[in-house]
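These are my notes from an afternoon of looking around a structure that was new to me. Come along and keep the picture open while you read.

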Amino acid sequence: MRSLHSSERGVARFGVRPLALLCALFTGFALSTPAAGARLDRRVVPTFQFVSLQINADEQDYSGNTRIELRVREPVSAFRLHAEEMPILGVKLTGAAGAIEVEHEIAEDALLEIRAAQPLSPGNYRLEIAFANGYSTQAVGLYRMEDEGLGYVFTQFEADDAREAFPCWDEPSFKIEWQLAIQVPEGHIAVTNTPAEKESVEEGWRQYLFRRTKPLPSYLIAVAAGPLETVEIPGMSIPGSVVSIRGQSHLAQLAVETTPPTLRALEEYFGTRYPYEKLDLIAIPEYWPGAMEHPGAVTYAAQILLVDSQAASMGQRRTLARVTAHELAHMWFGNLVTMEWWDDLWLNESFADWMGDKIAQQIYPQYNLEVTELQRSMNVMVGDSRPSAQAVRQPVESTDNLMQNVGTQYNKGKTVLAMFEQWIGPEAFRAGVLDYVNRHRWGNARASDLWQALARASDHDVAGAMATFIEQPGVPLVSVTSESGNRIRVSQQRFSSWGVEQPSQQWKIPVSLRYSDGTAVHTKTVMLEQESHVVSLDTAGQPAWVLPNANQRGYYRWDVPKEMLRVLATEAQEILNERERVGFIANLSALLDAGVVSGDDYLFALGEFASDPKPMVISGLLGALAKVEVAFVPPELEDSFAQYVRTTLTPALERFGREAKPGEDEEVALFRPQLLRWLGDTGQDEGILGYAEELAQRYKADATSIDASLAGTALRLSAIRGDRALFDDYRQRFEAAQVPADRGRYLGALSGFRDPELIEEALHYTLHGPLRPNELFRIPGGLMSHPPNRDLIFGWLMQSYDEIAQRIPPTFLGFMPFIASGCSAERLAAAREFFAMPKHQAPGTDVQLAKVSDQVQDCVGLREREGEAVAAYLERLVGSR
């Protein structure tokens, strides 16, 4: 998942992720439409399914038939499978004695019911179904898109959209072998999970019979068809290629270079060869997820996979490395071993994200993923601390809103996995993972199976401790207080914002302490299972300081006595490592929420980190400034806050520079765009705005003439003072762009204009311009990053809701309350009224509205409590200049 600049910059700090982020940029997670609440029974189960499709990407409809081998386990007169919104043209059931008379009808919840005239005896049967359907136009199911007048067909089935493409048992526990036969026009090609077994051309049609798959659930079947291009990926243990739409194969080189070492590293970790017959990577321009882990046919958003290697930014390279590692990790964890039901989706995604970061860090240490990805884990704690927080693992009765908790599933889940890996040790953790994979290969498993494997490998109560983090919501607060002699008391309670009451909870927390006696630094890990525990330290007396979250590996907040906190802040560069300094800033923000730290002390403490030599620490500082902006900066304080931003961040710009320097760390290139964006936009720095306008002109003349890392930021900042002519220029360049990155940059720039007429024009263009469904929230999401626009965007949403609902999958409508987030009680009240109307209550809307309500109430309460102190601090700062 790749972040879009968060609305009001600070909203992500309050634990609500931007809708554009959730809609467009999750790696490895896909979509679902409203579907059955009840699971299929298992008296009749499939054992093999053959699907034949006739796909002409230049038409609007397709047809097909399927043959499903069945096993009836006990006598039944009727059974059901999934088939949604498709005409069923014929049904035939055959048993050992021949044809069986049956009737069929579409029942409730998109189920196809087959009824036999006589009860079916236990045994083997064959079900044949002919069907037809129109392609989806919302980039889910079996869907069609166009580019340059050419049609293409792709699939996206997770969680329950395979049933829209063809009849099937569309649940992950039905893991069977499949075989596909696909007909396409002679000038087109087709790609699916396996290599072609036969290929021929007859009467203008290219006919493929693909090899049988290994056992797979329906959501992992993939199809791509149209005038596609391919580029071979050499150097892997199996054949593979990059697949793209026509005219974009020249952008495949970076993916060709990145994939083989990633696959080799994963094969080494899992101790086995990649378990499938081929590995194609398919770039799709119209695609909601960041990528999806179909075995043999991994699909990507085109802007992630297709990168101009001559003009690629460091951010693009890092994103491709992370996403590829994440998706390929799924080949073992998720595909070879598959969750039994969607309540363990979190484990699929958490593990792949944790594993992907580990592998990408191993291959590309220059990206410093150990630190750059830390902020995601810190951010998820914000929402997880509120009353509306949901447990990572929870019962799933329906698949219509699986995405509602996906941020927690990815980021809390992978942080907790990393914490427990540290507790039991990396080698024991790996041994447990391999035991789990080997025991359940080609089958299904549950999270409890992994905990048991880890316990066998480590002799630790992994299940009991893990459950306290996975099966209940919330974040622990670990507090350290002094006892007599060399002893300290370590206590736990549920972390909450000031004035918020929540039920008490306890966790089993592997607390990692780092502390100093004034001459040497020591570490100690204790398992905190009770409300408090007295710990003896290796010191003669009381420690000089204690850091309760050594190396920032634990999923918890922490507090120490005020004097220790001051020492940690003022001597951070000497005492704390880079991860710990990033964690300190995020923890300080939490202490502000809890009322432990005052607003003016918070701003002062942030200033202590402004001179840090590490760019990712300054990046963490920017996140803290975002919190200040959204909570404490009304229009009358914008100039004072701009002065504070310039004072705080200009020294960092002087250290790192506007442009890349020979030999600089690559993470500087990743960070520099954030720094320039803050100084030019919120900091109102005229010099930076002028510099951005100059870069934008150079980029338009020659995209390779500037640092690619700065291109998007330069275009966006140049729009702030832009006029109608520049708006029209960027719009035309967006429509003409041939490189996915260029298209994204120019579209993002259209959200940067400040002229009210151009803002209205941009919003109109969102729904009436040539934007793909997955691009619809790019402009409104970008406009929300300028606080005065937020009420305008919310009004636009309410006015345009019905039209938006026709363009996007129903799942995403449930995220719409996000646009009411921020610090306005009035906007929240309007949102509650709007989403109380039955026609605005898409699945999941109530969940998201509860999260937004908690965020806004926290923000309003924080402003009321600390607003005066922050305003006085900012005014003193300006007055002293």
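Predicted model: local features only at pLDDT ≥ 70, side-chain atom pairs only at ≥ 80, totals over all residues.

**Entry 1: salt bridges.** I began with charged pairs and counted 51 salt bridges, taking a salt bridge as a side-chain nitrogen of Lys or Arg within 4 Å of a carboxyl oxygen of Asp or Glu. Residues are numbered from 1 along each chain as its sequence is written, and side-chain values use heavy atoms, with hydrogens and water left out.

Entry 2: I looked up R144 and E146, whose side chains form a salt bridge at 2.9 Å, N to O. For burial I used relative accessible area: buried is under 20%, exposed is over 50%, and partly exposed is in between (1.4 Å probe, protein chains only). R144 has 12%, so I noted it as buried; E146 has 44%, so it is partly exposed.

Next I found K412 bridged to D384, again with 2.9 Å from N to O. K412 belongs to helix 8 (residues 406–424) and D384 to helix 7 (residues 374–384), so this pair ties together parts 28 residues apart in sequence. K412 and D384 are both buried.

E775 sits in the loop between helix 23 (756–768) and helix 24 (778–783), and R743 in helix 22 (residues 740–749), so parts 32 residues apart in sequence are tied together. E775 is buried with a relative accessible area of 10%, and R743 is buried with 11%.

I also wrote down a network of salt bridges that links R322, D353, D357, E373, R376 and K414.

**Entry 3: the disulfide.** How many disulfides does a search of the whole structure find? I got one, using a pair of cysteine sulfur atoms within 2.5 Å as the rule. The disulfide joins C823 to C859, with 2.1 Å from S to S. C823 is in the loop between helix 26 (810–813) and helix 27 (825–835), while C859 is in helix 28 (residues 845–879); the two are 36 residues apart and link distant parts of the chain. The torsion about their S-S bond is about -110°, so I marked the disulfide of C823 and C859 as left-handed. Both C823 and C859 are buried.

Entry 4: I traced an open sheet of five strands in the order 16-17-18-20-19, with mixed pairing; strands pair if DSSP finds at least two bridges between them. Strand 16 (229–232) and strand 19 (291–292) are at the edges with a single partner strand each, so one side of each has no neighbour in the sheet. Strand 16 runs antiparallel to strand 17 (residues 240–244), joined by four bridges, and E232 stands opposite S241 in strand 17. Helix 2 (residues 253–270) packs on the sheet and touches strand 16, strand 17 and strand 18 (279–284), where contact means heavy atoms within 4.5 Å.

**Entry 5: helix 10.** I finished with helix 10 (residues 447–458), where the buried residues include W451 and L454. Just after helix 10, D459 takes a positive phi of about 60°.

Key. Axes fitted to C-alpha atoms, helices over the stretch in contact; angles between N-to-C directions.
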